[in-house]
Amino acid sequence: MSELHHQPQTRMTQQRAVILEELRKLKTHPTADELYQIVRQRLPRISLGTVYRNLLFLTESGQISKLEIAGNTNRFDANMEPHQHVRCICCGSIADIHTPVREPAIDKLRVQGFARILRSRVEFEGVCEQCASHLANPDAAVVYYHPDKVV
Ligand SMILES: [Zn+2]
Ligand SMILES: [Zn+2]
């Protein structure tokens, strides 16, 4: 163990293993920074940049996924089962939806100017329980939400 610092390759692999292990414990779809705060308790010398680079490596090698949800860039998910996400419109927290929701059929879709449609993405928005408990009337949350006005 004392020779580990002479083996950068091994250290990198160990850092990556810790990052992956901690991400797998979470259902919160953390940002790189949130995960860094957790991982540094086990690896005090690790930097945010290292955490981020490892997350990108894990994403590119297909072990985790990087969420691409409007308003939530840079979040990561170790759950590789096919599933969808719902985002709280108040605080931005994200939860998994495991009930299969059919994506729109794209095989017969024709769009002028596009040679090919590759995929679609269904996004859900809601109000999480924590935010709802702070609202007198959770249904009124839509008041804050004006999709037409988002540029
Ligand atoms: Zn919320
Ligand atoms: Zn997820």
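Guide: Gln84 has Ile97 as its bridge partner in β4. This is a predicted model, in which local features need pLDDT of at least 70 and side-chain atom pairs count only at pLDDT 80 or more, while totals for chains, interfaces and linings use all residues. Residues are numbered from 1 along each chain as its sequence is written, with chains lettered from A and ligands numbered from 1 in the order in which they are written.

Strands β3 (residues 84-88) and β4 (residues 94-97) run antiparallel, joined by 4 bridges; strands pair if DSSP finds at least two bridges between them. The two form a hairpin with 5 residues between them, and Gly92 in the turn has a positive phi of about 85°. Strands here are DSSP runs of E, at least two residues, and helices are runs of H or I, at least four, numbered from the N terminus.

Now to helix α2, where Ala32, Leu35, Tyr36 and Val39 are buried. Seen down the axis of α2, its buried residues fall within an arc of 105°, so they line one face of the helix. That arc is taken from the directions from the helix axis to the C-beta atoms. Asp33 and Gln37, both exposed, sit on the face turned away from the buried side. Buried means 20 or more other C-beta atoms within 10 Å of a residue's own, exposed 12 or fewer, and partly exposed in between, with C-beta atoms placed from the backbone.
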